[in-house]
Amino acid sequence: MENWGCVTFRETILLVDPGNSSSGNKQCVASVICHELAHQWFGNLVTMKWWTHLWLNEGFATWVEYLTVDNLFPEWNIWTQFAIIDIRRAMTLDALKNSHPTEVEVRGPQEIDEIFDAVSYSKGSVVIQMLVKYLGLEVFKQGLHHYLNKYQYSCAATADLWESLSFASGKTVNELMDTWTKQMGYPIILVTEVTSEKGRKFHIRQQRYFSSGLDALDSTLWQIPLSYVTPSVPTACTVVKDRENEIYIPDAKKEELIKFNPNTVGFYRVHYSPDLLAQLTHSLFSLPTLDRISLETDAFAFAQSGVASTTDYLELLLSYKEEQDYTVWNNISQNLASLGEVFRMSDFYDTHLLKYGRELFSKIFERVGWEPKEGEGHLAHLLRSVVLSRLGDYKDQSVTDEALRRFQLFYEKKADIAPDLR
């Protein structure tokens, strides 16, 4: 608990045993400590005026948590993990029809506990990161410095933060960000290419995304800092406000890749037309890790909501067989686990999905194996845990046999089990 001058912790999220703590536990401890210390500024030095602005405490503490852990442990690639932890949590909850705005009206003490959720913590941190990328880190820091100095030892509301950031940037931050904090949900961007004599032109349509299926009658609109990149055009960003928009990129070459929301900095999903998606899929490993994550997780979300088919998603996953990154495999693992819960009681699960999973994870299992390799880092330890766990769920005989053998030796006190495998 982030008491000013006396931060308190449970032992399990404060102390690390070098011989018995797993890599995941070490990362959790570092993240929680950084989160609680961040509250000394966001919550204690400047306190929210009312619970409506809880996200100013928790969203900022979550964002600073990643900023600090990345500074202390850059080898953990924590900002890449941000996509599979907090962006994922935020998008999962905020895709429901019964979500709530980040700035949610709290009418009394009995409603306070209800808003300590992934919207206040995770969505709060995600929209901050989106704003940081839009304004630039240095400008954002100047605005934050102005905000903390102006409201130190007092209380502030969300509008006060926007005012300070507008002062530093010269932009009307409140007009942009009110669409993200005062209304629930987030958009899906539907992208198709239209004919252009020179350069390339794209038709963009925004619509609110629901995991239960899109609602054509929903009229919600956002001001979206829509970013894009191609091999011949550096990352650019334009704010789209209308339902239908067109983006013209005069220097983009025909047939080259285009990626919207590069590095997953925006809180929205992107649905490409089949030809644009095929281009990205065929050049999958030329994309950065975060873009491979977003392509896969958006495909799963579209299958979940009926925008695309489950078959489309499973076919896309086959392109990831050569993947080696922990964060990508962790995200695939979580999505396949969710899919498995849907089909678990059906014949399809036993006759097709288990076999599919074993084949998908076979190459990465050959690479990571059971034993840590010399010089192996934090993320490799996490990857091994994910791969073995998933193959165990998929009833891979060699994995289950080896797991039982190792447990028997441990039970008989003849061998220990590595913390990351327990």
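How many bridges join strand S5 to S6? In this predicted model, strand S5, which covers residues 224-230, is joined to S6 by six bridges, and the two strands run antiparallel.

As a general principle, the strands of a sheet pair through backbone hydrogen bonds, either parallel or antiparallel.

A further open sheet contains four strands in the order S7-S4-S3-S9, and its pairing is mixed. Its edges are formed by strand S7 (244-249) and strand S9 (269-272), and because each of them has a single partner strand, one side of each lacks a neighbour in the sheet. From one strand to the next, the twist averages 30°. Within this sheet, strand S3 (residues 187-194) and strand S4 (residues 200-208) run antiparallel and are joined by eight bridges. Pro 187 stands opposite Arg 208 in S4. Helix H8, formed by residues 274-282, packs on the sheet and touches S3, S4 and S9; the direction of H8 makes about 105° with that of S9.

The next topic is a pair of helices. The axes of H11 and helix H12 (residues 347-368) come within 11 Å and cross at roughly 170°. H11 and H12 are therefore roughly antiparallel to each other. On the H11 side, the residues that meet H12 include Trp 329, Ile 332 and Phe 343; among those in H12 that meet H11 are Phe 348, Leu 353 and Ile 364. Sorted by class, the contact of H11 with H12 has eleven nonpolar residues, two polar residues and no charged residues.

Helix H11 also has a part in the largest pocket, as one of the helices that each supply at least two residues of its lining. The others named with it are helix H1 (23-38), helix H2 (54-72), helix H3 (78-94) and helix H4 (119-135). The largest pocket holds about 460 Å³ of space. It is lined by 22 residues, of which Glu 65, Tyr 66, Ile 85, Asp 86 and Arg 89 are the closest to its centre. H1 gives the most to this lining, with seven residues. By class, the lining of the largest pocket divides into nine nonpolar, nine polar and four charged residues.

How values were computed. Residues numbered from 1 in each chain as written. Predicted model: local features only at pLDDT ≥ 70, side-chain atom pairs only at ≥ 80, totals over all residues. Heavy atoms only, no water. Pairing = 2+ DSSP bridges. Axes fitted to C-alpha atoms, helices over the stretch in contact; angles between N-to-C directions. Contact = heavy atoms within 4.5 Å. 1 Å grid on protein atoms, 1.4 Å probe; cavity = no way out; pocket = protein on both sides within 12 Å on 5 of 7 lines; lining within 4 Å. Points joined across faces, edges and corners; volume = space filled by probe spheres on them. Nonpolar A, V, L, I, M, F, W, Y, C, P; charged D, E, K, R; others polar. Parallel < 35°, antiparallel > 145°, perpendicular 65-115°, else oblique.
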